[in-house]
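Please examine the sequence and the model shown below. The paragraphs that follow lead through selected features, one after another.

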Amino acid sequence: MSDVAIVGVGCTGFKSVTPDVSYKEMMFEAATRAYQDAGNISPRKDIDAFISVAEDYWEGISIFDEFVPDQLGAVMGHLFTICGDSIIGLSTAYMLIKTGYFDVVALESHGKPSDLLTLYDVVSFAMDPVLNRPLGGHPFYVGGMEMNRFLCETGNTKEQCAMVVAKNKGNALPNPYAAYGADIEVEDVLCSNPYFYPLNRLDISQPADGGIVLVLASSEVAHKLNDNPIWVRGVGWICETPSLETRCWSEAIYARMAAQMAYKKAGINTPSREVDFAEVDDMFSYKELQHMEALRLCGKGQAGKLTEEGVTRIDGDLPINPSGGMLGMGWPLEASGMQRLLEVVLQLRGEAGSRQLPDVEVGVAQSWRGVPTTTGAVAVLSNC
Amino acid sequence: MSEKIKHFPGEQVKNIDVKEGRIPAVRHRPNAKYLWSAGIAMSRFLEGLKKGKIVGATCKKCGRIMVPPRAFCEQCFKPVDGYVNIKDTGTINTYSVSYVAGDASRIKEPILVAIIDLDGASEGMGILHILGEIDDWKQIKFGMKVKAVWKPSEERTGSIKDIKYFRPLQEV
Ligand SMILES: [Zn+2]
């Protein structure tokens, strides 16, 4: 079976609002950039299949698949939508190529939360309508409860979570794609308004609009399209139980198991030694620590300490979220995982500008589907 | 109910039993509100409608004049080259007579919906709209010429409904 590489990336950049463009125009821009990056291919003849990652409720359009082909150059093409996070989309594109039926596959994801006037009401549709919704409240209290139990069981602290925020917003400052870069202190996070105890306002990622397209190719054609293909060494995804009443509240089991699947495929036995850097979901500050531990980049209860020691900084031994993560780049709904993938590709190519990490060969991208899910996906990428 | 079985044991559940809470059920009214940015191409289209014009987009590569307009040509996968006004007359491509409203209730005055290929646009491109000033829908013919009936300019808001309907160009 052929290996699979990422040979093109295109990104619009992320902003808090984008009243100047429609979602279609946003997707067209990301696609145009990605196709040019992939050896200037034409989607009208050089791309065998297309995957768009989107969710009808986010879009406000039923059967959103039907609204996708034009702006990706996929009219009369083989296209479907994955209703999931974009790393689940990547897994699907990877499998399409692995079948041998497709050599070049385009993967698209975008978020335009500024089009949603009632964003958090739509988030709350994901809560159980019988057991949870009638109780009211903002659905992000789920994050507060999880943070509380996670800190209690692992000994990581609220201060260490605040350090994640300061680090990621700082990392985002030199990232031209990021919407929420800022030079802030740990104290600013700890003093920001309590939203869902122990989550404060600054512990929570803010919505952002933007789109990303990746072009994937089989090893047979990858080198023709890009001199520097980035190889997808392993993918994994897991769904736990959706039940808030019975799930594990301390550990991100979905991330641990998804990583297990991806590491196995990639032949990684000791991730803390073999992975050079990672982009992980940091929808909430504590999620970065929880996900680091689930990805076995450190031991249980060690993520906060490593953060405090500066190990996860851009100049540390194990940089986490050099892009700025979602805290720094923004939360673009289902495209959040695509932000993680994009940064891993740019870093492995050596194209990350002033935030470029030296000597990186293996990077991990991890996503979570957000409140109130226990679904996540992991991809292991390498440049050799 | 099967014709052979005249009576089932037990009590038949009716819709009203659910509505009046005799059957366990949970009610939820979603609060989903959207405000889609019209963007580059659709903003021109909507602003055109406000002025009583139908705007199309042009692609030099394939030579098409496209309506509704778009910022990019989906066939050539490139940005469009410009925007032009299309005529507000056209021919009926296909139509239907809708006797049922969105909530599946019966409506007395059927809604006449049609795809109208607009004059000046490339073949097979036009607008989905309502037909009016037709007493009997049987008078509708394929290829029939129609013309837009606009709202007065002070009532136009930049919406597809700035056109009230399309009427037959010649009396039917
Ligand atoms: Zn064209």
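**Helix packing and a metal site**

In this predicted model, helix α4 (residues 86-98) of chain A packs against helix α15 (residues 336-349) of chain A at an angle of about 65°, and the two axes are 6 Å apart. Angles of 65 to 115 degrees count as roughly perpendicular. For this reason α4(A) and α15(A) are described as roughly perpendicular to each other. Which residues bring the two helices together? On the side of α4(A) they are S86(A), I87(A) and L90(A), and these meet S336(A), G337(A), M338(A) and L341(A) in α15(A). Sorted by class, the residues of this contact comprise 4 nonpolar and 3 polar, with no charged residue.

A second pair to consider in chain A is formed by helix α7 (residues 158-172) and α12(A), which pack at an angle of about 100° with their axes 7 Å apart. The helices α7(A) and α12(A) are therefore also roughly perpendicular to each other. From α7(A), the residues Q160(A), C161(A), V164(A), V165(A), K167(A) and N168(A) take part, while α12(A) supplies S285(A), Y286(A), E288(A) and L289(A). The contact of α7(A) with α12(A) is made up of 5 nonpolar, 3 polar and 2 charged residues.

Helix α12 (residues 285-294) of chain A also packs with helix α10 (residues 253-266) of chain A, here at an angle of about 40° and with the axes 8 Å apart. That angle makes α10(A) oblique to α12(A). The crossing of these two helices is right-handed. In this contact, Y254(A), A255(A) and R256(A) belong to α10(A), whereas K287(A), Q290(A), H291(A) and A294(A) belong to α12(A). The residues of the contact divide into 3 nonpolar, 2 polar and 2 charged.

Which protein donors hold positions around the zinc ion? They are the SG atoms of C59(B), C62(B), C73(B) and C76(B), which lie 2.3 to 2.4 Å from the zinc ion. The 4 donor atoms subtend angles of 105 to 116° around the zinc ion, and the arrangement is therefore tetrahedral. Four donors count as tetrahedral if all angles lie between 85 and 135 degrees. Along the sequence, the donor residues follow the spacing C-x2-C-x10-C-x2-C. Within this set, C62(B) and C73(B) link distant parts of the chain, 11 residues apart. C62(B) lies in the loop between β1 (54-58) and β2 (65-66) of chain B, and C73(B) lies in strand β3 (residues 72-73) of chain B.

Note on methods: Residues numbered from 1 in each chain as written. Chains lettered and ligands numbered in written order. Predicted model: local features only at pLDDT ≥ 70, side-chain atom pairs only at ≥ 80, totals over all residues. Heavy atoms only, no water. Axes fitted to C-alpha atoms, helices over the stretch in contact; angles between N-to-C directions. Helix = DSSP H or I, 4+ residues; strand = E, 2+ residues; numbered from the N terminus. Parallel < 35°, antiparallel > 145°, perpendicular 65-115°, else oblique. Left-handed = near helix turned anticlockwise from the far one by under 90°. Contact = heavy atoms within 4.5 Å. Nonpolar A, V, L, I, M, F, W, Y, C, P; charged D, E, K, R; others polar. Donors = N, O, S within 2.8 Å, 3.2 Å for Na, K, Ca; no water. Tetrahedral: all angles 85-135°; square planar, octahedral: opposite > 155°, others 65-115°.
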